[in-house]
Amino acid sequence: MAQFKRRHFIIGTVAAAGALGVGWLAAPPRQRLVGKKPLGVSPGQAALNGWVKVGSDNTVTVMMSQAEMGQGAHTGLAMVLADEMDAAWESVRLEQAPIDGIYNNQAAVVDALPFEPGDNGLLKRGSEHVLRRLLREVPGLAETGGSSSIKDQWLPLRQAGASARLMLVAAAAKAWSVQSSECTTESGTVRHPSGKSATYGELAADAAEQPLPKDPPLKAPAQFRLIGTGLRRLDNLAKITGTAAFAIDAAPPGLVYASIRMCPTVGGKVASFNAAQALAMRGVSKVMTVDPVSGSLAATGNISGGVAVIADTPWRAMRALEAVKIEWDHGPAANLSTSSLFAAISSALDTQEGSTNLKKGDVAKALKDAAKTVKAEYRVPLLAHATMEPMNCTVQFANGAATVWAATQAAGVACDAVAKALGINAAKVDIRVPFLGGGFGRRYLSDCIVQAAHLAKATGGAPVQLIWSREEDMTHDFYRPAYIGRSEAGFDSAGKLIAWQLTSAGSNMGAPGFLGASSEGASNTPYRVPNIKIAHLAVESPLAVGIWRSVANSENAFFIESFMDELAVSAGVDPIAWRADLLAHDPRALRVLSRVAALSGWGTPLAAPDGTRRARGVAFHRCFGSTVAQVAEVSVNAAQEIRVHRVTCVIDCGVAVNPNLIRQQLEGGMIFGLSAALRGRITIEKGQVQQSNFHDYTPLRMSECPEIHTEIIADGTTPGGVGETGTPPIAPAVANAVFALTGQRLRELPLKLA
Amino acid sequence: MLTLNINGKTFITDAEADTPLLWVLRGELHLPGTKFGCGKALCGACTVHLNGVAVRSCVTPVAAAAGHEVTTIEGLDDAVAQALRRAWTEIDVVQCGYCQSGQLMSASALLKANPQPSDADIDAAMSGNLCRCGTYPRIRAAIHLAAKGR
């Protein structure tokens, strides 16, 4: 997921970068091996570079800047370093990395540059170069998002592992008075043909004294021992014994708890409140207002202001909150509704063009000349993230410094936001990022963290834990925006597709128009059509909206893959053959399509065990550097309910660091997308979100889950993203299957048969 | 004052009688493995055993638990639990992990009542436990594996 405001800032800074000197710019992007400050070490531990420490007890500690929110990044990233280092997997430990430029997520930023697919021109290469250099200078951009953790740290972690290995070997060679080149390494031990051997732990202190190899040779893929294997997750044990620490489990001494009720009208605030009754209740120490807060980045709009109660237990804070009488200032969104939102988007589309993010040929002319045209309009609703762990944050502010326990995908940004709220320097903020109980983009935003920081000013130095109720979490999200997509295509008299255009409209999520954030997954379409135009029309509202797993790919894949299916039907061509024809130039896409066809039994008769009719639908999508195709198999019951029985998913992700975890992410991404496709919908009346808990915003249950088959194609040299890639194609695959079964084309999510 | 029997140990609490067991476990007894998800018995993240039966601790008043045997994820350590944990690890069930304490508590109650459950039995027993990461197919496979391996 892209970090729009930061990115905007960075791109804006490119022009100013000249001030740093032509020489600075001309030099190659700096290494990411060693940070500005040396790593802290415990007794017996030696830091060999900015990514790894080795202890005399043989532990290998990998510095982890990325948040673990279920996507398996901790395990995958540790595997990359451990493999190049020849570390023993059982000896690997993780430690949260400090905030330093070497951990900045370059891939997430560079991938989001507004260049057309296949463009490798001077401007693109130059911009990337400058950005990568700048990213070394601005600390705190180690965001976890955009399916980019492995992609970004693939090279730095391998270099760090290889460099550390060479230092350990050099230390052994020196001690044994032999040549380094004669030594070998395996599972945390250096060996010499003479029979001498030493463990990494024994060598660590001396290794740290060796010169730092800055450009170490890397393994050839055939030499990998861990990469490509399905090692079990490092966090399994903690998560099956209840000992995994989440932010909500932070329990520093003297902890007090806060509960908050925010203005139910989105973006509103407190007009006045009466806390007399609440303050008389047991354990209650304080009742105070909290101002509306922004999300800090990758979002637009504010989370409503509210009233918070601080008490000695969570339950007493919650109970007392119910006793506070609050008058609200409903603000500018008091008349907002889902229908007014869609009406505004629709009428904007009637009169405005938006910004063009991809243009080839002359679509207008080709459509005018076409022998046949096809038009369709699609709609997707607002969606909540509904992470299982509700928003919460613990902050202690004492003696001018703050300690923060926060589930965040953007620790550096959260740090800055807390510092600003408390009026202190960011260096005075110590942020601890435990496991995240789900992220999905929601935890990019610092709103709840900033609220907790404000509360921490009122507790006399005691740590305070703010916990949102599920109702607050559901009604005060940065929702996935609602969008309308309008597509039109033209065929020539021979039946060949000659023109295609898509204009989507809805929020651009706080990004400047030229970045085309909401065209992601459309403006970089691999489909080749002679005349093509992809545009986005930004239509904003007071509602807080932001990024949601797979960001704009989530709606654009539905718009495009539904329309491609309509075109295939109109042309009388098989839907997979239709796509293959438009992707004939793209061998990776063709292979994914042909594998999904073979694995799903595409084209073969379908028979349900009980004799009910079933049909298949296909969708294809490329995002985050990976290519995915899915085939869904559906039926419809007498009550017109759609049931998805089986999904086949094929991904080409270049390199598969851990195939087991990739399958896990594909399954999870599809089920997440299927929850949205079948019933995900946030609605608004009079400025207030109508859903409040899991009874009216219900994710899929186990009994509703399809059987899932996945296949991974991995014969590339660089890894593509994985964590979000399963989500975009599932809604159109199901909608297309429903059409094949019923003849009804469902152009709106969630899918509902008439 | 209420006397609680949690994981075989006795605790005294002066929490108000209507305080949900969840908050006493987490806040007072420092057993944070039981998770807050919805507060309305809609998601199952807070599932514990009350006399061996899976209940949602977010809507169970602490007074209703007094005098009964309460087991939380921290105290789940019998043969069934061990089989489930082996299966959970072998199949790599967990993702974010937040719902998994509750999933394991429900799975354990199921296997004790029904050592060889069918898919339909598993669906019925586990349908109250939500997971946003989509670990369901692996949970189902792990329950079957645990049932087989015992």
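Analyst: First a term: pLDDT is the predictor's confidence in each residue, from 0 to 100. This is a predicted model, and chain B averages a pLDDT of 97. In chain B, 99% of the residues score at least 70.

User: What ipTM and pTM does the predictor give the complex?
Analyst: The ipTM is 0.98 and the pTM is 0.95.

User: OK, domains. How is chain A divided?
Analyst: Into domain 1 (31–104 + 139–240), domain 2 (247–329 + 389–475) and domain 3 (556–754).

User: What separates the centres of domain 2 and domain 3 of chain A?
Analyst: Taken over C-alpha atoms, 38 Å.

User: And how many residues of each are in contact?
Analyst: Seven residues of domain 2 of chain A contact seven residues of domain 3 of chain A. On the domain 2 side, three are nonpolar, two polar and two charged.

User: Switching to helices. How do the axes of helix 6 and helix 7 of chain A cross?
Analyst: Helix 6 (residues 149–176) and helix 7 (residues 200–207) of chain A have axes that come within 8 Å and cross at roughly 90 degrees. Angles of 65 to 115 degrees count as roughly perpendicular, so helix 6 of chain A is roughly perpendicular to helix 7 of chain A.

User: Which residues make the contact?
Analyst: From helix 6 of chain A, Met167(A), Leu168(A), Ala171(A), Ala172(A) and Ala175(A). Helix 7 of chain A contributes Tyr200(A), Leu203(A), Asp206(A) and Ala207(A).

User: How many of those are nonpolar, polar or charged?
Analyst: The contact of helix 6 with helix 7 of chain A has eight nonpolar residues, no polar ones and one charged.

Technical notes. Residues are numbered from 1 along each chain as its sequence is written. Chains are lettered from A and ligands numbered from 1 in the order in which they are written. This is a predicted model: local features need pLDDT of at least 70, side-chain atom pairs count only at pLDDT 80 or more; totals for chains, interfaces and linings use all residues. Domain bounds come from an automatic or database domain assignment. Two residues are in contact if their C-beta atoms, placed from the backbone, lie within 7 Å. Ala, Val, Leu, Ile, Met, Phe, Trp, Tyr, Cys and Pro count as nonpolar, Asp, Glu, Lys and Arg as charged, and the others, Gly among them, as polar. Axes are lines fitted to C-alpha atoms, for helices over the stretch in contact, and angles run from 0 to 180 degrees between N-to-C directions. Helices (H or I, at least four residues) and strands (E, at least two) are DSSP runs, numbered from the N terminus. Angles under 35 degrees count as roughly parallel, over 145 as roughly antiparallel, 65 to 115 as roughly perpendicular and the rest as oblique.
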